[in-house]
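Work through the exercises below with the model in view. Try each task before you read its solution.

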Amino acid sequence: MSSQTNITPTTFSLYDQTFSSRIFLGTSRYPSPQILVQALQIAQPAMITASLRRQGANPEPISSGFWEIIKDLKIPILPNTAGCHRPEEVMQIAHMSREVFATDWIKLELIGDDYTLQPDTIQLVPTAQQLIREGFKVLPYCTEDLVVCQRLVDVGCQAIMPWAAPIGTGKGPNNPYALQVLRERLQVPMIIDAGLGKPSHACQVMEWGYDAVLLNTAVALARHPVRMAEAFAQAVLAGRNAFEAGPMNEHHQAKASTPTLGTPFWHQAESSK
Amino acid sequence: MQILINQVATELSTLSNAITLSEILIQVNPTPPFAIAKNGVFIPKKDYPQTAIIDQDQLEIISPVTGG
């Protein structure tokens, strides 16, 4: 008997909003605006991240006319607070983002260490709480620390975004045990944000039950970013399907898949002696 | 009157000691969309006409860029 569900593998909800994709994409470091657009079109992300900087200060070729390119795609924007080291900076950037992008969504990035770009987990929780009080839909970039993640949920975060590894490293899940325990312990939607390098990394975390992944560098710096965007989209879907299908239990002893009974020539060698 | 706009010293033509943010934007003409902070504090668009800018104030005019 097959079980029926109303939820298709790609349906995903955050803060009561349903998304038709489980992949989120960053928009930085692509070789050209055209390649960015093609990557977004093929991956069909739930949201795309964007940031705010002083006018004319961004050296990337894509920054010129970035908004005109992005707004025409009609993909929801997830503004980030990248580069913020103090809660006060986060609050200012969040409010400016709300006005510029006309959205309450905010990817909370509060950096505590410049070498690893590790979030400031001490200040992260009160900052998330303040943002929520001011009406933002907060997606906090955090580590895999279970207690910090629990505290983020306690103050009202309806989803969290633990890293797999430091931003831009492409190392894949650095701490598989902690990430799996985190998934088992917390019930809110969780998006793996940062550190994924290959589609197999994305598939792995999706098999563990993570709800989505957020990528940038792994796609943008691939030799063929558009094909890599497609590969990640397929891997995310495969991982989610595998999680929902329920993998088999692992065994130590081999067990033949093909039935043994009726095997031709069974024991004939011994009987002909 | 001189103010800092995105850390660049900018001379403004005004006869008084104060000028509103709305008046400054007519002179500076930034490319939309943008948001503004005065001396590190976000100023909502609706407050531009009432926001006084004086000599040596610092404005940040920021716009969308790529992000991860």
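**Exercise 1.** Find what share of the contacts in chain B between residues at least 6 apart in sequence join residues at least 24 apart.

*Solution.* Start with the term: a contact means heavy atoms within 4.5 Å. Take the contacts in chain B between residues at least 6 apart in sequence; 55% of these join residues at least 24 apart.

A note on the source: this is a predicted model, where local features need pLDDT of at least 70, side-chain atom pairs count only at pLDDT 80 or more, and totals for chains, interfaces and linings use all residues. Residues are numbered from 1 along each chain as its sequence is written, and side-chain values use heavy atoms, without hydrogens and water.

**Exercise 2.** State what percentage of the 68 residues in chain B is buried.

*Solution.* Buried means under 20% relative accessible area (1.4 Å probe, protein chains only).

**Exercise 3.** Describe helix α4 of chain A and its surroundings.

*Solution.* Step one: define the element. Helices are DSSP runs of H or I with at least four residues, and strands are runs of E with at least two, numbered from the N terminus.

Step two: list the buried residues. In α4(A) they are Thr121(A), Leu124(A), Val125(A), Thr127(A), Ala128(A) and Leu131(A).

Step three: find their cover. It includes α3 (87-101), β6 (105-108), β8 (118-119), β9 (137-142) and α5 (146-154) of chain A.

Step four: look at both ends. Asp120(A) caps the N-terminal end of α4(A), with a side-chain oxygen 3.1 Å from the backbone nitrogen of Ile122(A). After α4(A) comes Gly135(A), with a positive phi near 90°.

Definitions and conventions
Chains lettered and ligands numbered in written order. Buried < 20%, exposed > 50% of the residue type's maximum accessible area, 1.4 Å probe, protein only. Expected span 1.5 Å × (residues − 1). Polar contact = N/O pair within 3.5 Å; in protein donor to acceptor, adjacent residues only side chain to side chain.
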